[in-house]
Amino acid sequence: MHFLSDELEDYIEQHSENEPTLLAQLNKETFQKVLLPRMLSGRFQGRVLSMLSKLIRPLNILEIGTYTGYSALCLCEGMQEGGQLHTIDIKEELVDFQRKYFDRSPWGAQIVQHLGEALEVIPTIEIKFDLVFIDADKENYINYYEMILPKMNKGGIILSDNVLWSGKILEEVHPNDVSTKVLLEYNLLLKNDPRVETVLLPIRDGLTVSRVL
(Lines give C-alpha, C1' and ligand atoms only; values in the text may rest on other atoms or scores of the structure.)
Protein backbone atom coordinates (compact mmCIF):
# COMPACT_ATOMS: atom_id res chain seq x y z
CA MET A 1 0.00 0.00 0.00
CA HIS A 2 1.33 3.44 -1.01
CA PHE A 3 0.06 5.94 1.55
CA LEU A 4 1.01 9.18 -0.23
CA SER A 5 1.45 10.05 -3.89
CA ASP A 6 4.98 10.33 -5.25
CA GLU A 7 4.35 14.02 -5.88
CA LEU A 8 3.33 14.67 -2.30
CA GLU A 9 6.24 12.65 -0.89
CA ASP A 10 8.61 14.66 -3.08
CA TYR A 11 7.08 17.92 -1.85
CA ILE A 12 7.49 16.79 1.78
CA GLU A 13 11.14 15.93 1.22
CA GLN A 14 11.86 19.19 -0.57
CA HIS A 15 10.41 21.18 2.33
CA SER A 16 12.24 19.29 5.06
CA GLU A 17 15.88 19.47 6.13
CA ASN A 18 18.42 18.38 3.53
CA GLU A 19 20.07 14.99 3.76
CA PRO A 20 23.66 15.35 5.06
CA THR A 21 26.35 14.57 2.49
CA LEU A 22 27.67 11.48 4.30
CA LEU A 23 24.19 10.00 4.53
CA ALA A 24 23.53 10.72 0.87
CA GLN A 25 26.69 8.75 0.04
CA LEU A 26 25.64 5.90 2.33
CA ASN A 27 22.18 5.91 0.75
CA LYS A 28 23.64 5.71 -2.76
CA GLU A 29 26.12 2.93 -1.94
CA THR A 30 23.41 0.91 -0.19
CA PHE A 31 21.28 0.96 -3.34
CA GLN A 32 24.30 0.05 -5.46
CA LYS A 33 25.71 -2.81 -3.39
CA VAL A 34 23.29 -4.18 -0.78
CA LEU A 35 20.24 -6.40 -1.11
CA LEU A 36 16.80 -5.00 -0.20
CA PRO A 37 17.81 -1.32 -0.17
CA ARG A 38 14.18 -0.42 0.61
CA MET A 39 15.02 -1.34 4.22
CA LEU A 40 17.01 1.89 4.47
CA SER A 41 15.31 4.57 6.57
CA GLY A 42 15.85 7.10 3.79
CA ARG A 43 16.02 10.85 3.60
CA PHE A 44 12.70 11.95 5.12
CA GLN A 45 12.43 9.38 7.89
CA GLY A 46 16.11 9.94 8.62
CA ARG A 47 15.44 13.65 9.20
CA VAL A 48 12.53 12.70 11.47
CA LEU A 49 14.80 10.41 13.52
CA SER A 50 17.41 13.15 13.68
CA MET A 51 14.90 15.75 14.86
CA LEU A 52 13.46 13.45 17.52
CA SER A 53 16.93 12.65 18.81
CA LYS A 54 17.82 16.34 18.96
CA LEU A 55 14.64 17.02 20.95
CA ILE A 56 15.28 14.12 23.33
CA ARG A 57 19.04 14.74 23.75
CA PRO A 58 19.74 11.10 24.73
CA LEU A 59 22.88 10.01 26.51
CA ASN A 60 22.56 6.35 25.62
CA ILE A 61 20.78 4.97 22.55
CA LEU A 62 19.92 1.41 21.56
CA GLU A 63 19.13 0.41 17.99
CA ILE A 64 17.76 -3.04 17.17
CA GLY A 65 18.45 -3.60 13.47
CA THR A 66 21.45 -1.76 12.01
CA TYR A 67 21.20 -2.65 8.32
CA THR A 68 23.81 -0.34 6.67
CA GLY A 69 23.93 2.20 9.50
CA TYR A 70 21.83 5.04 8.10
CA SER A 71 19.37 5.31 10.98
CA ALA A 72 22.14 4.92 13.56
CA LEU A 73 23.91 7.99 12.20
CA CYS A 74 20.64 9.94 12.19
CA LEU A 75 20.02 9.06 15.84
CA CYS A 76 23.57 10.07 16.76
CA GLU A 77 22.91 13.64 15.63
CA GLY A 78 21.11 14.42 18.89
CA MET A 79 23.25 12.31 21.23
CA GLN A 80 24.88 14.05 24.16
CA GLU A 81 28.65 14.46 24.27
CA GLY A 82 30.11 11.37 25.88
CA GLY A 83 27.08 9.26 25.02
CA GLN A 84 26.97 5.91 23.25
CA LEU A 85 24.84 4.28 20.60
CA HIS A 86 24.64 0.49 20.75
CA THR A 87 23.40 -1.08 17.54
CA ILE A 88 22.59 -4.75 16.98
CA ASP A 89 22.33 -6.76 13.77
CA ILE A 90 22.71 -10.39 12.69
CA LYS A 91 24.26 -9.77 9.25
CA GLU A 92 28.01 -10.27 9.54
CA GLU A 93 28.53 -9.26 5.91
CA LEU A 94 27.39 -5.69 6.70
CA VAL A 95 29.65 -5.02 9.70
CA ASP A 96 32.52 -3.53 7.70
CA PHE A 97 30.12 -1.50 5.53
CA GLN A 98 28.57 -0.01 8.65
CA ARG A 99 31.91 0.70 10.31
CA LYS A 100 33.25 2.49 7.23
CA TYR A 101 30.50 5.08 7.48
CA PHE A 102 30.50 5.19 11.28
CA ASP A 103 34.20 6.05 11.27
CA ARG A 104 33.67 8.78 8.68
CA SER A 105 31.16 10.43 10.98
CA PRO A 106 31.85 12.52 14.12
CA TRP A 107 30.52 9.66 16.30
CA GLY A 108 32.65 6.71 15.23
CA ALA A 109 34.18 6.17 18.67
CA GLN A 110 30.74 6.38 20.31
CA ILE A 111 29.03 3.75 18.17
CA VAL A 112 29.25 0.18 19.50
CA GLN A 113 28.37 -2.57 17.02
CA HIS A 114 26.94 -5.87 18.28
CA LEU A 115 26.73 -8.90 16.00
CA GLY A 116 24.16 -11.51 16.97
CA GLU A 117 20.59 -12.15 17.99
CA ALA A 118 19.18 -9.08 19.75
CA LEU A 119 17.39 -11.15 22.40
CA GLU A 120 20.77 -12.57 23.40
CA VAL A 121 22.73 -9.32 23.10
CA ILE A 122 20.39 -6.92 24.93
CA PRO A 123 20.83 -8.54 28.39
CA THR A 124 24.61 -8.11 28.08
CA ILE A 125 24.40 -4.31 27.71
CA GLU A 126 24.31 -3.12 31.30
CA ILE A 127 23.24 0.51 30.92
CA LYS A 128 19.97 2.44 30.91
CA PHE A 129 18.70 3.96 27.67
CA ASP A 130 17.06 7.28 26.86
CA LEU A 131 16.17 6.37 23.28
CA VAL A 132 15.54 3.04 21.57
CA PHE A 133 14.80 2.38 17.89
CA ILE A 134 13.23 -1.00 17.07
CA ASP A 135 13.59 -1.87 13.39
CA ALA A 136 14.30 -5.58 13.10
CA ASP A 137 12.33 -8.82 12.64
CA LYS A 138 8.69 -8.05 13.32
CA GLU A 139 8.02 -11.46 14.91
CA ASN A 140 10.05 -10.37 17.95
CA TYR A 141 8.76 -6.81 18.42
CA ILE A 142 6.84 -7.72 21.58
CA ASN A 143 9.82 -9.67 22.94
CA TYR A 144 12.16 -6.74 22.26
CA TYR A 145 9.75 -4.30 23.86
CA GLU A 146 9.33 -6.32 27.05
CA MET A 147 13.08 -6.84 27.29
CA ILE A 148 14.07 -3.19 26.85
CA LEU A 149 11.32 -1.57 28.92
CA PRO A 150 13.08 -2.30 32.26
CA LYS A 151 16.28 -0.87 30.76
CA MET A 152 14.68 2.49 29.92
CA ASN A 153 15.10 5.68 31.92
CA LYS A 154 11.87 7.35 32.99
CA GLY A 155 10.73 9.65 30.20
CA GLY A 156 12.76 7.65 27.67
CA ILE A 157 11.45 7.16 24.13
CA ILE A 158 10.92 3.92 22.25
CA LEU A 159 10.57 4.29 18.47
CA SER A 160 9.07 1.35 16.56
CA ASP A 161 9.34 1.22 12.78
CA ASN A 162 7.14 -0.46 10.13
CA VAL A 163 4.08 -0.65 12.39
CA LEU A 164 1.70 -0.07 9.46
CA TRP A 165 3.39 -2.89 7.52
CA SER A 166 2.47 -1.66 4.04
CA GLY A 167 -1.19 -1.54 5.05
CA LYS A 168 -1.37 -5.24 5.91
CA ILE A 169 -2.65 -4.34 9.38
CA LEU A 170 -5.97 -3.41 7.70
CA GLU A 171 -6.26 -6.52 5.55
CA GLU A 172 -7.39 -10.05 6.27
CA VAL A 173 -4.44 -11.79 7.86
CA HIS A 174 -3.15 -14.96 6.21
CA PRO A 175 -2.85 -17.84 8.72
CA ASN A 176 0.90 -18.10 8.05
CA ASP A 177 1.58 -14.36 8.26
CA VAL A 178 3.23 -14.24 11.68
CA SER A 179 4.70 -10.76 11.20
CA THR A 180 1.34 -9.09 10.64
CA LYS A 181 -0.25 -10.97 13.54
CA VAL A 182 2.51 -9.83 15.89
CA LEU A 183 2.36 -6.23 14.68
CA LEU A 184 -1.40 -6.12 15.27
CA GLU A 185 -0.86 -7.38 18.81
CA TYR A 186 2.10 -5.04 19.30
CA ASN A 187 0.17 -1.96 18.21
CA LEU A 188 -2.62 -2.81 20.66
CA LEU A 189 -0.08 -3.41 23.42
CA LEU A 190 1.48 0.02 22.95
CA LYS A 191 -1.94 1.67 22.87
CA ASN A 192 -3.15 0.02 26.08
CA ASP A 193 0.04 -0.43 28.12
CA PRO A 194 -0.13 1.85 31.20
CA ARG A 195 3.66 1.92 31.35
CA VAL A 196 3.90 4.13 28.25
CA GLU A 197 2.03 6.79 26.31
CA THR A 198 2.03 6.32 22.57
CA VAL A 199 1.32 8.08 19.30
CA LEU A 200 1.45 6.30 15.95
CA LEU A 201 2.75 8.54 13.17
CA PRO A 202 1.90 7.80 9.50
CA ILE A 203 5.51 8.38 8.47
CA ARG A 204 6.74 6.11 5.67
CA ASP A 205 5.64 2.62 6.81
CA GLY A 206 4.45 3.77 10.23
CA LEU A 207 6.54 5.00 13.16
CA THR A 208 5.31 4.69 16.75
CA VAL A 209 6.64 7.02 19.44
CA SER A 210 6.20 5.64 22.96
CA ARG A 211 7.21 7.60 26.07
CA VAL A 212 8.07 5.61 29.18
CA LEU A 213 6.09 6.78 32.22
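Tutor: An axis here is a line fitted to C-alpha atoms, for a helix over the stretch in contact, and angles are taken between N-to-C directions. The model is predicted. In it, helix H7 (residues 141-148) and helix H8 (residues 178-192) pack with their axes 9 Å apart, at an angle of about 35 degrees.

Student: Which residues of H7 and H8 meet?

Tutor: From H7, Tyr 141, Ile 142, Tyr 145 and Glu 146; from H8, Val 182, Leu 183, Glu 185, Tyr 186, Leu 189 and Leu 190.

Student: How do the residues of that contact divide by class?

Tutor: Into eight nonpolar, no polar and two charged. Tyr counts as nonpolar and Glu as charged.

Student: What makes Tyr 141 and Tyr 186 an aromatic pair, and why is it called edge-to-face?

Tutor: Their ring centres are 5.3 Å apart, and the rule asks for centres within 6.5 Å, so they pair. The planes make 75 degrees; over 60 counts as edge-to-face, so the label applies. By this rule the count comes to three aromatic pairs.

Student: What does the pair of Tyr 141 and Tyr 186 tie together?

Tutor: Tyr 141 is in helix H7 and Tyr 186 in helix H8, so the pair links parts that are 45 residues apart in sequence.

Student: Why are H2 and H5 called roughly antiparallel?

Tutor: The axes of H2 (residues 21-33) and H5 come within 11 Å and cross at roughly 165 degrees. Angles over 145 count as roughly antiparallel, so H2 and H5 qualify. Their crossing is right-handed. The contact consists of Leu 22, Gln 25, Leu 26, Glu 29 and Thr 30 from H2 with Phe 97, Lys 100, Tyr 101 and Arg 104 from H5. By class it holds four nonpolar, two polar and three charged residues.

Student: How do you know that strands E1 and E4 pair?

Tutor: Four bridges join E1 (residues 60-64) to E4 (residues 129-134). At least two bridges are needed, so they pair. The two strands run parallel, and Leu 62 stands opposite Val 132 in E4.

Student: Where do E1 and E4 sit in the order of the sheet?

Tutor: The sheet is open, with seven strands in the order E3-E2-E1-E4-E5-E7-E6 and mixed pairing.

Student: What makes E3 and E6 edge strands?

Tutor: E3 (111-115) and E6 (196-201) each have a single partner strand, so one side of each has no neighbour in the sheet. From one strand to the next the twist averages 15 degrees.

Student: Which strands does helix H5 touch?

Tutor: H5 (residues 95-104) packs on the sheet against E2 (84-89) and E3, and its direction makes about 175 degrees with that of E3.

Definitions and conventions
Residues numbered from 1 in each chain as written. Predicted model: local features only at pLDDT ≥ 70, side-chain atom pairs only at ≥ 80, totals over all residues. Heavy atoms only, no water. Axes fitted to C-alpha atoms, helices over the stretch in contact; angles between N-to-C directions. Contact = heavy atoms within 4.5 Å. Parallel < 35°, antiparallel > 145°, perpendicular 65-115°, else oblique. Left-handed = near helix turned anticlockwise from the far one by under 90°. Phe/Tyr/Trp six-rings, centres within 6.5 Å; stacked < 30°, edge-to-face > 60°.
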